[in-house]
Amino acid sequence: MITLKGAAVSAKIRVEVTELLHGLSGAAPKLAIVRVGERPDDMSYERGALKKMENFGLQAESFSFPADISDEAFQKEFRRINDNPEIEGILLLRPLPKQINEREIERMIDPDKDLDGISPENIARVFAGEAEGFAPCTAEAVIEVLKANDIDMCGKRAAIVGRSMVVGRPLSMLLLKENATVTICHTRTKELEKTCQDAQILIAAAGKAKMIDASFVGADAVVIDVGINVDNDGKLCGDVDFDSLDGIASMATPVPGGVGTVTTAVLAKHLVMAAKKHRSS
Ligand code: NAP
């Protein structure tokens, strides 16, 4: 089984970002990372994103707010960040605390700065299969992993375990755009194992540590693990029991070191694309 490493895909995206940057004049594009509270997974994603932006020659600034900030105060702060012309891209770490009306923020964010595809405009573009706009970075990262490794999606049976708005649903549309035949699975799916076994490309995005083992995987399948979980020993792991797939799957992504690394590279690419559009308008 071939291990599909995220670092190699990220390096390819870095070359694209560098080329795009050469065509831009002025300061390096700037990302705003907006965090409410101090959830460990948000903090870890923020650290990864900050490091990646620096590594790719881009600017990033964190804006953090207390977990108990009121809806009104957060909206005011968010509007200020959204309206700041020096900020060309925004990453909002979610979910937000319950007192904040997340839908309002999704409607407020400037679609041209919405690098993680949360605005209704960007969601509609992804679902319409348009080239314009930004898809959620993780969903796009899966496509980048497949493309960078020359895995043809056209006409293939692809199954996704998970139907969230962050991963499963947008990813189904991106795969469809690549002409895959897509099945979306969830907790009510009957015969989940059989459906997964039948897939030539299997994507796990359920958020359940190591739930996808050899019994879910068909011969020579390509397995992409989006999950980020902590196992019983406190170690980071994916939704896939990677070691159990050896001799069955043809290729699989590891966790850590797989899709997560590519997600922040896609974020960087989106930032430069947003800056290019902003500076040419
Ligand atoms: P989520 O909102 O909790 O959605 C999980 C989805 O998986 C739901 O649709 C759920 O079905 C389905 N599911 C859960 N358990 C299942 C089971 N036993 N059988 C079948 N379907 C099952 O999670 P998410 O935000 O999409 O994230 C999924 C995973 O990806 C998490 O581990 C998260 O940490 C990770 N993630 C990684 C990145 C990255 O950059 N690599 C980015 C974002 C998220 P129902 O709809 O029926 O409940």
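**Note on the predicted model and its ligand site**

1. Thr253 is buried, its relative accessible area being 1% (buried means under 20%, exposed over 50% and partly exposed in between, with a 1.4 Å probe and protein chains only). Thr253 sits in the loop between strand E11 (251-252) and H9, where helices (H or I, at least four residues) and strands (E, at least two) are DSSP runs numbered from the N terminus. The side chain of Thr253 reaches the backbone nitrogen of Asp225 at 2.8 Å; a polar contact here is a pair of N or O atoms within 3.5 Å, and within protein one must be able to donate a hydrogen and the other to accept it, with residues adjacent in sequence counted only if both atoms are side-chain atoms.

2. The model is predicted, and local features need pLDDT of at least 70, side-chain atom pairs count only at pLDDT 80 or more, and totals for chains, interfaces and linings use all residues. Residues are numbered from 1 along each chain as its sequence is written, and side-chain values use heavy atoms, with hydrogens and water left out.

3. The protein chain is divided into domain 1 (27-115) and domain 2 (137-260), with bounds that come from an automatic or database domain assignment. The centres of these two domains, taken over C-alpha atoms, are separated by 28 Å.

4. In an unreviewed UniProt entry, the annotation "domain: Tetrahydrofolate dehydrogenase/cyclohydrolase catalytic" covers residues 4-116; its positions are given in the numbering used here, feature names are shortened, and annotations may be inferred rather than shown by experiment. Over residues 4-116 the chain is 47% helix and 16% strand, with the end C-alpha atoms 23 Å apart.

5. Around the ligand there are 21 residues, of which Thr138, Arg163, Ser164, Thr187 and Thr263 come nearest (a residue is near if one of its heavy atoms lies within 4 Å). Helix H9 (residues 259-280) gives the most to this shell, with three residues.

6. A backbone N or O atom of Val226 lies 3.4 Å from a ligand nitrogen atom. Taken alone the ligand exposes 920 Å², of which the protein buries 71%, with areas from the Shrake-Rupley method and a 1.4 Å probe.

7. Ala139 belongs to helix H6 (residues 137-148) and is buried, with a relative accessible area of 0%. The C-alpha atoms of Ala139 and Val266 are separated by 9.7 Å, although these residues are 127 residues apart along the chain.
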